[in-house]
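Please have the sequence and the 3D view open as you read.

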Amino acid sequence: IHDFSSLSFREQPIFSTRAHVFQIDPNTKKNWVPTSKHAVTVSYFYDSTRNVYRIISLDGSKAIINSTITPNMTFTKTSQKFGQWADSRANTVYGLGFSSEHHLSKFAEKFQEFKEAARLAKEKSQEKMELTSTPSQESAGGDIQSPLTPESINGTDDERATPEVTQNSEPRAEPTQNALPFTHSSTISKHWEAELATLKGNNAKLTAALLESTANVKQWKQQLAAYQEEAERLHKRVTELECVSSQANAVHTHKTELNQTIQELESTLKKKEEEIEGLKQEIDNARELQAQRDSLTQKLQEVEIRNKDLEGQLSDLEQRLEKSQNEQEAFRNNLKTLLEILDGKIFELTELRDNLAKLIECS
């Protein structure tokens with residue numbers, strides 16, 4: 001469509017940079033399709049004879065960007081390294097991924113600068129058309145190389161709408177979709193369920209150990225009572241033996257043995273009491289774990305309630321989004337109808353101007 005071999009004669013590059021080039025998918029109008037396998041040179045060109053600015057990028061001999069800047073265009077930064085603009089003449093949306101935020105900012109500044117220059121040139125051309133009845137050089141040279149189509153009016157609200165993409169720090173990669181709001185809550189819920197299952201297992205083990213310890217405590221208490229009874233019986237026996245003076249030496253020896261036995265029994269009793277204290281501590285720990293389990297169960301229930309709320313909010317948002325899309329589609333259809341009417345009027349005015357010019361030349 002365009003003769004790029006004559007760029008060096010009619011147009012000169014006034015600013016160049018390197019970027020990855022994307023175009024919006026014409027079918028979905030949402031996903032980005034890369035048009036260059038690697039970073040290519042993207043340049044602003046100025047045609048002094050036509051007084052227009054264009055953005056051109058070549059991948060070898062193939063033109064992957066040929067966009068004429070009009071006053072209605074808008075360049076939008078969608079991330080720190082990615083920007084886009086809509087071109088209704090090409091019926092597409094271009095996207096550029098830069099290597100740094102600085103390059104993106106510089107490109108955006110130049111876009112705004114040349115857009116303002118295009119606006120001034122258009123206003124100057126309109127003033128000349130109003131002041132003179134003969135076609136000026138600007139009006140003759142201001143024709144765009146692409147043929148006049150129903151999409152020739154640039155910068156409509158529909159085309160300036162940002163495609164549904166997310167930001168990506170790498171300019172080469174396409175943006176990814178946003179995560180759903182309840183994904184994080186589901187992860188938390190699974191985590192708490194795993195914690196609860198672990199606590200249930202630990203609680204069962206502690207309960208079994210507690211029952212076993214309780215049985216052992218009862219047995220040890222019975223043994224302790226038997227030892228105490230035996231100690232009382234031995235003390236009585238010692239007293240009786242002490243009363244027998246004829247057997248004092250034997251009683252003294254027997255008493256020593258009995259005292260030693262009593263000391264051993266007291267030592268055993270002390271150990272059993274320490275074991276009982278340890279079991280009581282384990283029982284207290286088990287109760288604390290039970291309280292923690294109850295607390296986690298309550299938190300899990302709260303998380304489930306929160307998940308239900310988030311699901312309700314998500315359903316409401318989906319309904320609102322669907323309604324908004326329907327309204328946007330109706331608005332887009334109205335704009336297309338208006339564009340067709342305007343194109344017809346413009347075509348009629350162009351024919352009328354050409355006829356008037358011919359009449360003036362004939363006269």
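A residue counts as buried when its relative accessible area is under 20%, as exposed when over 50%, and as partly exposed in between. Keep in mind that you are looking at a predicted model. With those cut-offs, Glu123 is partly exposed, because its relative accessibility is 33%. You will find Glu123 in helix H2, where its side chain makes a polar contact of 2.5 Å with the side chain of Arg119.

Now turn to the interior. In soluble globular proteins, nonpolar side chains tend to be buried together. Here the largest nonpolar core holds 22 residues, and the members that touch the most others are Tyr44, Ile55, Ile65, Trp85, Leu96 and Phe107. At least two residues come from each of strands S1 (11-24), S3 (40-47), S4 (52-59), S5 (62-68) and S8 (92-97), and from helix H2 (101-131). Helix H2 gives the most, with five residues. To see how Leu96 sits among its surroundings, look past its neighbours within four places in sequence: its contacts include Val42, Ile65, Trp85 and Phe107. A second, separate core has six residues, among them Phe22, Ile24, Phe82 and Val93.

Phe22 and Phe82 form a tilted pair, 5.7 Å centre to centre with 55° between the planes. This pair links distant parts of the chain, since Phe22 is in strand S1 and Phe82 in strand S7, 60 residues apart. Phe22 is buried at 1% relative accessibility, and Phe82 is buried at 5%. Phe75 and Phe107 also make a tilted pair, with ring centres 5.4 Å apart and planes at 55°. Phe75 lies in the loop between S5 and strand S6 (76-77), while Phe107 is in helix H2, 32 residues away. Phe75 is buried with a relative accessible area of 14%, and Phe107 is buried with 0%. Both belong to one aromatic cluster that also includes Tyr44, Trp85 and Phe111.

Finally, have a look at two loops. Which backbone angle is positive in Asn51, although it is not a glycine? The angle is phi, at about 60°. Asn51 lies in the loop between S3 and S4 and is partly exposed at 23% relative accessibility. Asn91, likewise not a glycine, has a positive phi of about 55°. Its place is in the loop between strand S7 (82-87) and S8, and Asn91 is partly exposed, with a relative accessible area of 47%.

Key
Residues are numbered from 1 along each chain as its sequence is written. This is a predicted model: local features need pLDDT of at least 70, side-chain atom pairs count only at pLDDT 80 or more; totals for chains, interfaces and linings use all residues. Side-chain values use heavy atoms; hydrogens and water are left out. A nonpolar core is a set of buried Ala, Val, Leu, Ile, Met, Phe, Trp, Tyr and Cys residues joined through side-chain atoms within 4.5 Å. Buried means under 20% relative accessible area, exposed over 50%, partly exposed in between (1.4 Å probe, protein chains only). Helices (H or I, at least four residues) and strands (E, at least two) are DSSP runs, numbered from the N terminus. Contact means heavy atoms within 4.5 Å. A polar contact is a pair of N or O atoms within 3.5 Å; within protein, one must be able to donate a hydrogen and the other to accept it, and residues adjacent in sequence count only if both atoms are side-chain atoms. Rings of Phe, Tyr and Trp (its six-membered ring) pair if their centres lie within 6.5 Å; planes under 30 degrees apart count as stacked, over 60 as edge-to-face and the rest as tilted.
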